[in-house]
Amino acid sequence: MNDFLSLAKQRRTTVEFDTKPVGMNLIKSILEAGRWAPSIFNLQPWHFIVVQDKESVELLTKLCAYNRVFGQPAAMIAIVSDLTFAELKSFYGEAKLPADEHMKCMGMAALNIVYAAESLGLKTAIMSPRKGVAEKMLGVPEGQKCEVIVGIGYESETEPKNEIGRLPLNDIVSYGKYKRKRAKLTGHPVKQNVD
Ligand SMILES: Cc1cc2nc3c(=O)[nH]c(=O)nc-3n(C[C@H](O)[C@H](O)[C@H](O)COP(=O)(O)O)c2cc1C
């Protein structure tokens with residue numbers, strides 16, 4: 001298996017982090033990977049907020065909508081999307097950039113951050129903050145949104161075995177033209193296809 005594929009398969013959401021702090025040198029390397037993420041027109045419409053104090057990490061974890069994370073990560077990087085960049089016209093005439101292009105960029109930055117952390121021996125949890133609340137807490141100005149938060153830390157010894165798998169390629173790929181192979185969306189394929 002190539003190195004990237006091993007990393008991709010090894011990366012799993014961590015729910016029980018150790019309390020061991022993450023060194024600033026590692027955080028900086030991870031931020032550097034976020035900085036180098038691709039973005040539409042190279043607008044880089046993001047701002048990264050590093051959160052390390054225990055109370056804020058705990059509160060932010062609680063503010064995430066679907067959270068399974070119960071052992072707090074030592075650090076978090078909140079990824080803020082600056083929607084005011086959508087008004088930038090110089091790059092592309094009078095057309096406005098649709099907000100969903102920003103969301104794609106946030107995903108790119110988040111994934112770079114996640115894999116950089118994994119490559120440095122750290123574990124991550126991607127979290128979706130409830131609309132509006134994380135912005136207030138983090139002092140995010142009007143017109144900017146905290147779309148995603150990446151929790152980062154070392155895995156605790158009590159981390160449960162992650163049995164969330166993936167659908168087989170056969171179910172999700174067609175060649176040339178779209179051909180649906182899955183009967184219906186199966187939602188959360190917990191404990192299926194662990195390979
Ligand atoms: C955009 C996005 C948002 C997510 N938000 C949350 C969240 O709020 N809380 C949580 O516990 N997991 C969250 N997750 C993690 C997913 O539940 C997880 O990646 C998925 O179940 C697959 O498990 P795995 O990461 O261990 O492979 C999110 C993942 C993504 C990509």
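**Reading the core**

Modeller: We start with the largest nonpolar core, which has 34 residues; those with the most contacts inside it are Met76, Ala78, Ile79, Ile113, Ile149, Val150 and Ile152. Two or more residues each come from helix H2 (24-35), strand S1 (46-51), helix H3 (54-62), strand S2 (75-82), helix H4 (99-119), strand S3 (123-127) and strand S4 (144-153). H4 gives the most, with eight residues. Keep in mind that this is a predicted model.

Colleague: How many helices and strands does the protein have, and in what order do the elements run?

Modeller: There are six helices and four strands. From the N terminus on, the order is α-α-β-α-β-α-β-α-β-α. Of the contacts with a separation of 6 or more, 81% are between residues 24 or more positions apart. As for burial, 26% of the 195 residues count as buried.

Colleague: How do I read a helix such as H4, and which of its residues are buried?

Modeller: The general idea is that an α-helix has 3.6 residues a turn, so residues three or four places apart point the same way. In H4, the buried residues are His102, Cys105, Met106, Ala109, Ala110, Ile113, Val114, Ala116 and Ala117. Their cover includes H2, S1, S2, S3 and S4.

Colleague: What span does H4 reach from its first C-alpha to its last?

Modeller: H4 has 21 residues and reaches 31 Å, close to the 30 Å expected at 1.5 Å a residue. After the helix comes Gly121, with a positive phi near 85 degrees.

Colleague: Turning to the strands, how many bridges join S2 to S1 and to S4?

Modeller: Six bridges join S1 to S2, and these two strands run antiparallel. Between S2 and S4 there are eight bridges, again with an antiparallel course.

Colleague: Is S2 mostly covered or mostly open?

Modeller: S2 is mostly covered, with seven of its eight residues buried. Take Met76: leaving aside neighbours within four places in sequence, Met76 is in contact with Val51, Val57, Leu60, Ile149, Val150, Gly151 and Ile152.

Colleague: Which residues are closest to the ligand?

Modeller: The closest are Arg12, Thr13, Arg68, Ile126 and Ser128, out of 14 residues that surround the ligand. By class, this shell has eight nonpolar, four polar and two charged residues.

Notes: Residues are numbered from 1 along each chain as its sequence is written. This is a predicted model: local features need pLDDT of at least 70, side-chain atom pairs count only at pLDDT 80 or more; totals for chains, interfaces and linings use all residues. A nonpolar core is a set of buried Ala, Val, Leu, Ile, Met, Phe, Trp, Tyr and Cys residues joined through C-beta atoms within 7 Å. A residue is buried if 20 or more other C-beta atoms lie within 10 Å of its own, exposed if 12 or fewer, and partly exposed in between; C-beta atoms are placed from the backbone. Two residues are in contact if their C-beta atoms, placed from the backbone, lie within 7 Å. The expected span of a helix is 1.5 Å times one less than its number of residues. A residue is near a molecule or strand if its C-beta atom, placed from the backbone, lies within 6 Å of it. Ala, Val, Leu, Ile, Met, Phe, Trp, Tyr, Cys and Pro count as nonpolar, Asp, Glu, Lys and Arg as charged, and the others, Gly among them, as polar. Two strands pair if DSSP finds at least two bridges between them.
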